[in-house]
Each structure stands twice: as structure tokens, then as C-alpha cells.
Amino acid sequence: MNRLIIIGASGHGKVVADIAALNGYKDIVFLDDDETVKECAGYPVVGKSAEAPEGEIFVAVGNAETRQRLMTNYKDREQPVLIHPSAVVAKNVQIGSGSVVMAGAVINPGAIIGKGCIINTSSSVDHDCIIDDFCHISVGAHLAGTVTVGECTWIGTGVTVSNNVNICGGCMIGAGAVVIKDISISGTYIGVPAKIKN
Ligand SMILES: CC(C)(COP(=O)(O)OP(=O)(O)OC[C@H]1O[C@@H](n2cnc3c(N)ncnc32)[C@H](O)[C@@H]1OP(=O)(O)O)[C@@H](O)C(=O)NCCC(=O)NCCS
């Protein structure tokens with residue numbers, strides 16, 4: 001198996017490294033632009049984000065736009081999909097490169113997940129959902145069937161989205177919100193039911 005270079009020596013990077021090791025990667029190194037960070041989860045930081053040595057790349061950065069920029073910079077490199085062994089991913093699910101599916105997550109049949117997405121711990125994406133590129137479905141968030149989520153949208157921890165709801169790109173759905181209607185204007189939404197945050 002190739003060397004895996006993880007960009008972003010953060011808490012998120014730590015979880016990604018754990019999943020990579022469980023996926024069989026033995027040679028794992030990190031890149032980070034903070035020169036004071038020397039290691040992450042026991043793996044060495046060997047340079048900055050623009051200085052990747054040979055190997056596959058995984059961008060483990062929470063900010064969607066930064067994740068998108070770094071993934072694009074390394075578009076000619078292999079960027080694997082990492083899936084924790086305890087995640088349940090149905091057979092006919094599509095997952096784009098550079099996405100990670102964390103422990104206990106469930107992705108049901110017909111779902112399409114774009115590239116550079118984070119399907120975080122114990123979240124669920126139900127049948128026929130379409131999650132566009134660079135989205136983050138946070139810890140414990142639940143998307144019912146046939147939900148669509150636009151590019152770079154961040155669904156916060158513990159959010160619930162009702163079936164057939166469409167959420168446009170560039171949104172932040174605050175922790176614990178319940179989205180019961182389509183959201184077509186980018187912005188931050190909070191509460192039950194979710195409303196735009198002033
Ligand atoms: C929505 C969010 C981005 C707002 O952050 P912010 O702009 O810094 O907001 P503030 O903390 O300044 O709060 C502003 C007001 O909104 C309220 N508020 C903030 N987040 C809220 C939420 N999720 N639900 C309900 N109310 C919320 C605050 O109570 C505060 O109300 P007040 O003015 O009456 O005191 C943030 O609170 C949030 O929910 N982030 C998601 C974190 C997350 O899910 N992480 C996942 C890791 S896997």
C-alpha cells in the first residue's frame with residue numbers, strides 16, 4: 001500500500017489517520033502549515049501543505065473552501081475514500097474521492113456523496129440523498145430520505161433534516177437544528193424549526 005499524506009494535523013486529522021490505519025495504510029505522514037506542530041496521533045509532520053512528498057493525498061481540513069482549494073491543488077494525485085470498518089455503507093452508494101466516512105455512520109441505498117465530504121461519527125444519510133462536494137455532515141446529524149445538500153454546506157452536530165428537503169450550497173446549519181423546509185438562500189440557520197440566523 002502507498003504512503004498516505006494527510007494534510008491537516010488537527011483533531012480531525014487524528015481521526016482520519018486512525019481510519020487510514022484501519023484501512024491498511026502503514027506509512028502515514030502529515031503536512032501542516034503550522035511549523036510548531038511536529039506530530040499528530042504519533043505520525044510525523046514532514047512539511048507544509050504545499051510540499052507533499054510522493055504518495056496518496058488526503059485533505060483533513062474542516063473548512064470547506066480550504067479543503068476544496070487543497071484538493072484541487074493535488075488533483076493529479078490519488079485521493080482515496082476512507083471508510084471506518086464500523087460504518088454501514090449500502091452496496092449501491094457512490095462516494096467521491098477524498099471523502100471520509102467515520103465510525104458508526106450509516107449511508108443507505110441510492111445515496112450519492114460528492115468528493116471531499118466528511119460523513120462524521122454516528123451520522124446518517126438515508127436512501128437517495130445527494131450530498132454535493134465538500135459538505136460536512138457532523139457528528140450525530142441525521143438526513144432522512146431523498147434530501148439534497150449543496151456544495152460546501154456544513155450540517156452541524158445533531159441536526160435533523162426531514163425527508164425530501166433541499167438545502168442549497170454555502171450553508172451552515174447550526175448544532176441541533178431541525179430543517180423541515182427547503183433552504184434556497186445561503187446562510188446560517190439555527191433552531192427548531194430552523195430559521196435564518198440574524
Ligand atoms: C450556528 C453557529 C455557527 C453560530 O455561531 P456564532 O455565529 O459564533 O454564534 P454565537 O455563539 O455568537 O451565538 C449567537 C446567538 O445565536 C445562538 N445560537 C448559536 N448557535 C445556536 C444553535 N446551534 N442553536 C440555537 N441557537 C444558537 C446563541 O445562543 C446566541 O444567542 P443570544 O444572542 O440570544 O445569546 C454555531 O453556534 C454552531 O451551531 N456551530 C456548529 C458546531 C458544530 O456542529 N460542530 C460540529 C463538529 S463535528
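**Entry: strands β11 and β14**

I looked up how strand β11 (residues 112–113) meets strand β14 (residues 130–131) and found that the two run parallel and are joined by two bridges; strands here are DSSP runs (E, at least two residues), numbered from the N terminus, and two strands pair if DSSP finds at least two bridges between them. Ile113 stands opposite Ile131 in β14. I noted that the model is a predicted one, in which local features need pLDDT of at least 70 and side-chain atom pairs count only at pLDDT 80 or more, while totals for chains, interfaces and linings use all residues. Residues are numbered from 1 along each chain as its sequence is written, and side-chain values use heavy atoms, with hydrogens and water left out.

**Entry: the sheet**

**Entry: aromatic rings**

I searched for ring pairs, where rings of Phe, Tyr and Trp (its six-membered ring) pair if their centres lie within 6.5 Å, with planes under 30 degrees apart counted as stacked, over 60 as edge-to-face and the rest as tilted, and the count came to one aromatic pair. The ring centres of Phe30 and Tyr43 are 6.5 Å apart and their planes stand at 40°, so I recorded the pair as tilted. Phe30 belongs to strand β2 (residues 28–31) and Tyr43 to strand β4 (residues 43–44), 13 residues apart. With a relative accessible area of 0%, Phe30 is buried, whereas Tyr43, at 22%, is partly exposed (buried means under 20% relative accessible area, exposed over 50%, partly exposed in between, with a 1.4 Å probe and protein chains only).

**Entry: a buried loop residue**

I located Ala105 in the loop between β9 (100–101) and β10 (106–107), where Ala105 is buried with a relative accessible area of 0%. Ala105 and Val125 are 20 residues apart in sequence, and I read 8.1 Å between them in space, C-alpha to C-alpha.

**Entry: the ligand**

An oxygen atom of the ligand is 2.7 Å from a polar backbone atom of Thr157, and a backbone N or O atom of Ala175 lies 2.8 Å from a ligand oxygen atom. For Lys197, I found an N or O atom of the side chain 3.2 Å from an oxygen atom of the ligand.

Key
Helices (H or I, at least four residues) and strands (E, at least two) are DSSP runs, numbered from the N terminus. A polar contact is a pair of N or O atoms within 3.5 Å; within protein, one must be able to donate a hydrogen and the other to accept it, and residues adjacent in sequence count only if both atoms are side-chain atoms.
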